[in-house]
Amino acid sequence: MTETVIIAGGCFWCTEAVFRDVIGVEQVESGYIGGHVADPTYKQVCGGDTGHAEAIRVTYDPAVVTLPEIYDMFMGTHDPSQLNRQGNDVGTQYRSAIFPADDSQRAEAEAAIARWNEGHQGQQAVTTIEDPSQWYPAEDYHQEYWEGEGQRNPYCLAVIPPKLMKLRKSFADKVKA
């Protein structure tokens, strides 16, 4: 039995790379959510006018990794205190957001944000909890990006390894060998 959660933490290449390394995660799909344009393209979303966030849809086994753990890893591997940006990626498409599928996921998202806020001396997460909306898978070349093209992309080489290090340091018992 698997469950699915949708989270947005900046560039989807980065968040996808992190969650592909988590024990109990069975699938990670990059895509777009939260906008007002049907079937958006990467170019449209990058333009910042569609309202979509670059996000990932994580399918996981809750007997192996729990939803609170997923949310804590999400909050702990990107900077949820940056409004509409992650590093050099700026715009609403790079916002920190959680898209809960139901009230239970919403309550867990609220709790995860509260935990992060409590542990970060005065910093406050700007992570939004947004209503469920239509999910659009990203183009094929964005899927499993870090495993392929990302290894040759200077941006990815600068940004993804530090996120993977945060995952390995803070959540060592949840990382694939």
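**Entry 1: Gln 143**

I began with Gln 143, which counts as partly exposed at 21% relative accessibility. I was working on a predicted model. The cut-off for buried is under 20%, so Gln 143, at 21%, is not called buried. I found Gln 143 in the loop between E8 and H5.

I then asked which residues Gln 143 touches, not counting those up to four places away in sequence. I noted Glu 16, Val 28, Glu 29, Ser 30 and Ala 138.

I looked up backbone angles next. Most residues other than glycine have a negative phi. Glu 144 has a positive phi, near 50°. I placed Glu 144 in the loop between strand E8 (136-137) and H5. Its relative accessible area is 45%, so I wrote down partly exposed.

Asp 39 also has a positive phi, of about 50°, and is not a glycine. I found Asp 39 in the loop between E2 and helix H2 (42-46). Is Asp 39 buried or exposed? I have Asp 39 as exposed, because its relative accessible area is 60%.

**Entry 2: Cys 11**

I checked the UniProt record, an unreviewed entry, and it lists Cys 11 under "active site". In the model I found Cys 11 in the loop between strand E1 (3-9) and helix H1 (12-19). Its relative accessible area is 5%, so Cys 11 is buried.

Which residues is Cys 11 in contact with, leaving aside its neighbours within four places in sequence? I listed Glu 54, Asp 89, Tyr 94 and Tyr 155.

The unreviewed UniProt entry also lists residues 5-156 as "domain: Peptide methionine sulphoxide reductase MsrA". Over that range I noted 28% helix and 22% strand. The end C-alpha atoms of the range are 24 Å apart.

**Entry 3: the largest pocket**

I looked up the volume of the largest pocket, which is about 180 Å³. It is lined by 15 residues, and the closest to its centre are Gln 86, Gly 87, Tyr 155, Val 159 and Lys 163. Tyr 155 was already in my notes as a contact of Cys 11.

Which helix gives the most to the lining of the largest pocket? I found that helix H5 (residues 154-170) does, with five residues. By class, I recorded five nonpolar, six polar and four charged residues in the lining.

**Entry 4: Asn 88**

I found Asn 88 in the loop between strand E4 (85-86) and strand E5 (89-90). Asn 88 has a relative accessible area of 71%, so I put it down as exposed. The C-alpha atoms of Asn 88 and Gly 10 are separated by 9.9 Å, although the two residues are 78 residues apart along the chain.

**Entry 5: the nonpolar cores**

I looked up the largest nonpolar core, which has 40 residues. Ile 7, Phe 19 and Val 58 touch the most other members. The elements that give two or more residues to this core are E1, H1, strand E2 (25-33), strand E3 (53-60), helix H3 (67-77), helix H4 (103-118) and H5. Another core, of eight residues, lies apart from it, and its residues include Ile 33, Ala 55, Phe 99 and Trp 135.

I went back to Val 58 for its contacts, not counting residues up to four places away in sequence. Among them are Ile 7 and Phe 19, along with Val 5, Val 25 and Ile 70.

I found Ala 97 in strand E6 (residues 96-99). Its relative accessibility is 0%, so Ala 97 counts as buried. Leaving aside neighbours within four places in sequence, Ala 97 is in contact with Ile 7, Ala 8, Phe 74, Thr 127, Thr 128 and Glu 130. I noted 9.7 Å between the C-alpha atoms of Ala 97 and Ala 109.

Thr 15 is buried, because its relative accessible area is 6%. With neighbours within four places in sequence left aside, Thr 15 is in contact with Gly 9 and Ile 56. I also noted that Thr 15 and Ala 55 are 7.9 Å apart, C-alpha to C-alpha, and 40 residues apart in sequence.

Note on methods:
Residues numbered from 1 in each chain as written. Predicted model: local features only at pLDDT ≥ 70, side-chain atom pairs only at ≥ 80, totals over all residues. Heavy atoms only, no water. 1 Å grid on protein atoms, 1.4 Å probe; cavity = no way out; pocket = protein on both sides within 12 Å on 5 of 7 lines; lining within 4 Å. Points joined across faces, edges and corners; volume = space filled by probe spheres on them. Helix = DSSP H or I, 4+ residues; strand = E, 2+ residues; numbered from the N terminus. Nonpolar A, V, L, I, M, F, W, Y, C, P; charged D, E, K, R; others polar. UniProt positions renumbered as here; feature names shortened; annotations may be inferred. Buried < 20%, exposed > 50% of the residue type's maximum accessible area, 1.4 Å probe, protein only. Contact = heavy atoms within 4.5 Å. Core = buried A, V, L, I, M, F, W, Y, C linked by side-chain atoms within 4.5 Å.
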